[in-house]
Amino acid sequence: MNIKILGPGCSNCRVLFQNTQEALKSLEMSADLEKVEDYAQMMSYGILGTPGLVIDEVLVSSGRVNTVKEISDLLQKK
Amino acid sequence: MLEQLTDWLVFNVFGFEADLAFAGVLHFFIYEAVKIGLLLLLVTHLMGAINLFFPIEKVRKLISSGKLRGFEYPAASLFGAVTPFCSCSSIPLFIGFLQGGIPIGVTFSFLITSPLVNEIALALFLAAFGVKVTLIYAFSGILLGTVLGWTLGRFDLERHLESWVRDLAKNKASDSLQSAMSMRDRVLHVSRDAMSIIKTIAPYVLAGVAIGAAIHGYVPTGYFEAYMGEGAGIWSVPLSVLIAVPMYANASAVIPIMQALVVKGIPLGTAIAFMMAVVGLSLPEALMLKKVMNVKLLSAYFGLVAGSIIILGYLFNSIF
């Protein structure tokens with residue numbers, strides 16, 4: 001599984017990154033977690049607000065910081 | 001009722017003498033903090049609920065659809081008001097709107113109003129100055145976004161964008177967001193997001209109310225009228241706008257402080273201009289937008305907003 005956090009490095013993006021790490025840990029899942037800070041790459045997912053959460057190349061959330069529980073739910077649906 | 005409750009708490013429970021300056025400070029602090037807290041709860045939930053029906057993806061679709069027949073500017077400005085603002089989102093939003101075929105001027109309408117009129121500013125304005133002033137503030141903000149976006153839109157702005165932005169803007173917008181959430185989940189988000197907004201700004205608001213309370217208790221009424229009366233008042237508007245620009249991070253603290261200052265004789269128009277400049281002319285946003293446009297366009301944008309805020313300040317000073 002590949003997870004990307006889209007955002008220029010503001011506090012919201014950092015919190016989302018941490019929440020995603022925590023969600024992975026609580027589910028005992030492993031995934032490639034990466035930050036995307038390049039705007040051109042970010043825009044290729046069609047976001048209009050940061051932070052964005054991409055799971056396996058699908059944008060599942062944008063413009064809000066998801067809680068650990070929300071991310072866990074999204075990960076389990078995959 | 002809140003007034004009586006605070007009276008009872010300060011004078012009966014804590015046992016302060018009513019004529020003690022500190023009792024007044026404490027009374028002001030408790031009363032204002034509780035009032036702001038309640039209004040923040042109300043307004044953040046209300047705006048969150050409105051936003052539920054106008055997610056940004058839908059707004060882009062509506063504005064670019066051509067159905068608005070010339071009302072794109074006021075619509076973009078209005079949607080900017082109900083969309084929560086975050087300076088880190090400015091660039092994706094800017095490029096995303098261009099990709100959706102929305103003119104740059106219309107995008108500016110959105111970008112000008114979004115930080116100016118938001119749930120935090122509205123709640124704090126309601127607490128500090130009441131319904132009438134808040135409505136005037138919100139209406140002026142939306143009008144400002146409409147008029148300035150339209151004005152900027154009269155010029156050929158595309159050549160002032162950085163080349164990588166122009167290249168990206170050629171790509172067609174795609175609706176790639178997979179809404180994995182049910183309506184029930186999204187309704188639950190409203191409250192969760194509202195609480196997280198309140199939690200983030202709470203320390204700033206409380207600090208602002210504390211400073212406001214101290215001013216309320218220890219600065220004599222009419223103190224500032226001596227300095228900002230007829231003569232000096234002329235310069236107070238542009239000066240306050242200038243001071244406001246680097247204060248973005250403390251916007252939540254500034255409004256409660258201004259409330260106390262208005263009571264002590266700062267003209268309301270000057271205070272409104274100051275607060276509009278604090279939230280609307282944000283330095284972090286300028287630094288972000290610098291990446292997508294050249295200095296010329298950025299200065300035109302900031303200059304126009306600053307100039308209009310100054311004019312509004314004078315206007316309000318002459319009305320109130």
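1. Glu28(A) counts as exposed because it has 6 C-beta neighbours inside 10 Å. Glu28(A) is located in the loop between α1 and β2 of chain A, and its phi, near 50 degrees, is positive although the residue is not glycine. Most residues other than glycine have a negative phi, and most peptide bonds are trans.

2. This is a predicted model, in which local features need pLDDT of at least 70 and side-chain atom pairs count only at pLDDT 80 or more, while totals for chains, interfaces and linings use all residues. Residues are numbered from 1 along each chain as its sequence is written, and chains are lettered from A and ligands numbered from 1 in the order in which they are written.

3. Chain A contains three helices and four strands, arranged from the N terminus as β-α-β-α-β-β-α. Helices (H or I, at least four residues) and strands (E, at least two) are DSSP runs, numbered from the N terminus. Buried residues account for 47% of the 78 residues in chain A.

4. The strands of chain A form an open sheet of four in the order β2-β1-β3-β4, with mixed pairing. Two strands pair if DSSP finds at least two bridges between them. The edge strands, β2 (32–36) and β4 of chain A, each pair on one side only. Strand β1 (residues 2–6) of chain A runs antiparallel to strand β3 (residues 52–55) of chain A, with four bridges between them; there, Ile5(A) has Leu53(A) of β3(A) as its bridge partner. Helix α1 (residues 11–26) of chain A packs on the sheet and touches β1, β2 and β3 of chain A, its direction making about 160 degrees with that of β1(A). Such axes are lines fitted to C-alpha atoms, for helices over the stretch in contact, and angles run from 0 to 180 degrees between N-to-C directions.

5. β3(A) and β4(A) are also antiparallel and joined by four bridges, with Gly52(A) opposite Ser62(A) in β4(A). Their hairpin has two residues between the strands, and Asp56(A) takes a positive phi near 45 degrees in it. Glu57(A), in the loop between β3 and β4 of chain A, likewise has a positive phi, near 65 degrees. Four of the five residues of β4(A) are buried, so this strand is largely enclosed by the rest of the structure.

6. A cis peptide bond, with omega about -5 degrees, links Thr50(A) and Pro51(A). Pro51(A) belongs to the loop between α2 and β3 of chain A.

7. The contact between the chains takes 23 residues from chain A and 22 residues from chain B. Two residues are in contact if their C-beta atoms, placed from the backbone, lie within 7 Å. On chain A, α2 (39–43), β4 (58–62) and α3 (68–77) each supply at least two residues of the side that touches chain B.

8. In chain B, twelve of the 13 residues of α13(B) are buried, including Phe274(B) and Met275(B).

Methods: Buried ≥ 20, exposed ≤ 12 C-beta atoms within 10 Å, placed from the backbone.
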